[in-house]
Amino acid sequence: MPGFIQVLYYYFFSNQVHRSVVYGEQPRNRLDFYIPAGSTGLKPVVVFVTGGAWTIGYKGWGALLGRRLAERGILVACLDYRNFPQGTIGDMVEDVSQGISFVCNNIARYGGDPERIYLVGQSAGAHIAACTLVKRAIKECGEGDTSNWSVGQLKAFFGISGGYNLLNLVDHFHRRGLYRSLFLSIMEGEESLRKFSPQVLVKDVAVRSVVSLLPHIILFHGTSDCSIPHAESEVFLDTLQQRGAKVDLFLYQGKTHTDLFLQDPLRGGRDKMLEEIVAMIHKDDPKESTQALAVPVARRLVPEFMLKLAGRVSPF
């Protein structure tokens with residue numbers, strides 16, 4: 001709570017945060033922009049898709065990541081999308097696609113560079129973002145449709161603690177409390193699990209040529225993740241590599257499902273995953289890279305004993 005109060009104050013009162021920009025017609029088609037302070041020139045852009053077990057996702061969950069990236073000269077757009085039961089997985093993918101389209105076509109108005117857009121997803125958001133990316137590539141490959149946005153407009157996709165083969169996760173989620181009947185309702189029935197599993201879609205021989213359209217994919221996962229086993233990222237990596245995709249995987253020893261996205265940023269100090277993301281985004285601009293490195297190390301927001309206590313009671 002001490003850390004969340006500080007993040008919430010920034011979220012609601014900082015003039016760098018432009019909240020609830022409308023990107024579509026659905027009630028939850030809103031996004032938040034995190035604008036770098038005192039910036040000149042067009043900035044690289046991150047489109048962030050939050051997690052939340054497909055049921056409690058909210059754009060505000062990305063406030064801490066948005067703040068840290070904005071401090072390093074990166075404009076961030078955190079998307080809301082319909083949660084279950086307001087929508088099912090097909091609606092979520094549709095919303096995220098529409099949000100990406102809005103950013104691609106309008107980001108220059110907010111100071112972002114439309115030639116440098118990156119997609120980031122965490123947990124369920126990593127799954128939804130990966131589905132959106134692969135399904136868009138399949139559509140472009142089959143129909144040549146790039147009317148709203150194109151996979152080629154994204155420089156890279158960062159997947160944090162994601163699940164990419166739902167067929168392997170149904171029983172695991174059931175044991176963890178996301179019961180089979182509920183999960184299958186979210187995913188539009190057992191027959192739809194394959195078509196909403198990015199790893200299965202990529203492995204399909206019929207869409208092998210689709211992989212050539214995908215941007216660089218960078219996966220992050222903690223080895224002590226009990227919510228989504230790190231094997232999900234390892235198998236996705238192997239499948240993508242076998243199909244000739246450009247992909248990298250960073251495993252973090254002893255990290256849980258929420259450590260990379262929540263506890264580590266709240267601890268302050270060096271954040272290895274954040275550093276990897278920033279380095280990748282700024283790699284082609286030495287000036288921006290130097291400025292990002294000059295940002296002071298983040299201060300601790302929560303005492304360590306409280307984080308350890310939270311880790312003991314967290315269901316994740």
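Good morning. I begin with one residue of this predicted model: D225, which, apart from neighbours within four places in sequence, is in contact with S161, K255, T256 and H257. D225 is found in the loop that runs between β7, residues 216-222, and α8, residues 231-242. Which side chain of opposite charge is nearest to D225, and how far away is it? It is R176, at 6.8 Å. D225 is buried yet has no salt bridge, the limit for which is 4 Å between a side-chain nitrogen of Lys or Arg and a carboxyl oxygen of Asp or Glu.

I turn now to the sheet. Eight strands form an open sheet, and their order is β1-β2-β4-β3-β5-β6-β7-β8, with mixed pairing. The edges are held by β1 (17-22) and β8 (247-252); each has a single partner strand, so one side of each is left without a neighbour in the sheet. On average, neighbouring strands are turned by 20° against each other, direction ignored.

Next, strand β4. Why do we describe β4 as largely enclosed by the rest of the structure? Because five of its five residues are buried. L75, A77 and L79 point one way from the strand, while V76 and C78 point the other way. In a regular strand, side chains alternate between the two faces of the sheet.

As to its partners, β4 runs antiparallel to β2, with four bridges between them, and D32 stands opposite C78. With β3 the direction is parallel and there are five bridges; here V47 has A77 as its bridge partner.

Finally, β3, α2 and β4 make a right-handed β-α-β unit. The helix of that unit, α2 (residues 63-71), has seven of its nine residues buried, so α2 is largely enclosed by the rest of the structure. The buried residues are A63, L64, L65, G66, R68, L69 and A70. What covers them includes the strands β2 (30-34), β3 (43-49) and β4 (75-79), together with the helices α1 (2-13), α9 (259-267) and α10 (272-282). After α2 comes G73, whose phi is positive, near 80°.

Thank you for your attention.

Conventions: Residues are numbered from 1 along each chain as its sequence is written. This is a predicted model: local features need pLDDT of at least 70, side-chain atom pairs count only at pLDDT 80 or more; totals for chains, interfaces and linings use all residues. Side-chain values use heavy atoms; hydrogens and water are left out. Helices (H or I, at least four residues) and strands (E, at least two) are DSSP runs, numbered from the N terminus. Buried means under 20% relative accessible area, exposed over 50%, partly exposed in between (1.4 Å probe, protein chains only). Lys and Arg count as positive and Asp and Glu as negative; His and the chain ends are not counted. Contact means heavy atoms within 4.5 Å. Two strands pair if DSSP finds at least two bridges between them. A crossover is right-handed if, with the strands pointing away from the viewer, the path from the first strand over the helix to the second runs clockwise. Axes are lines fitted to C-alpha atoms, for helices over the stretch in contact, and angles run from 0 to 180 degrees between N-to-C directions.
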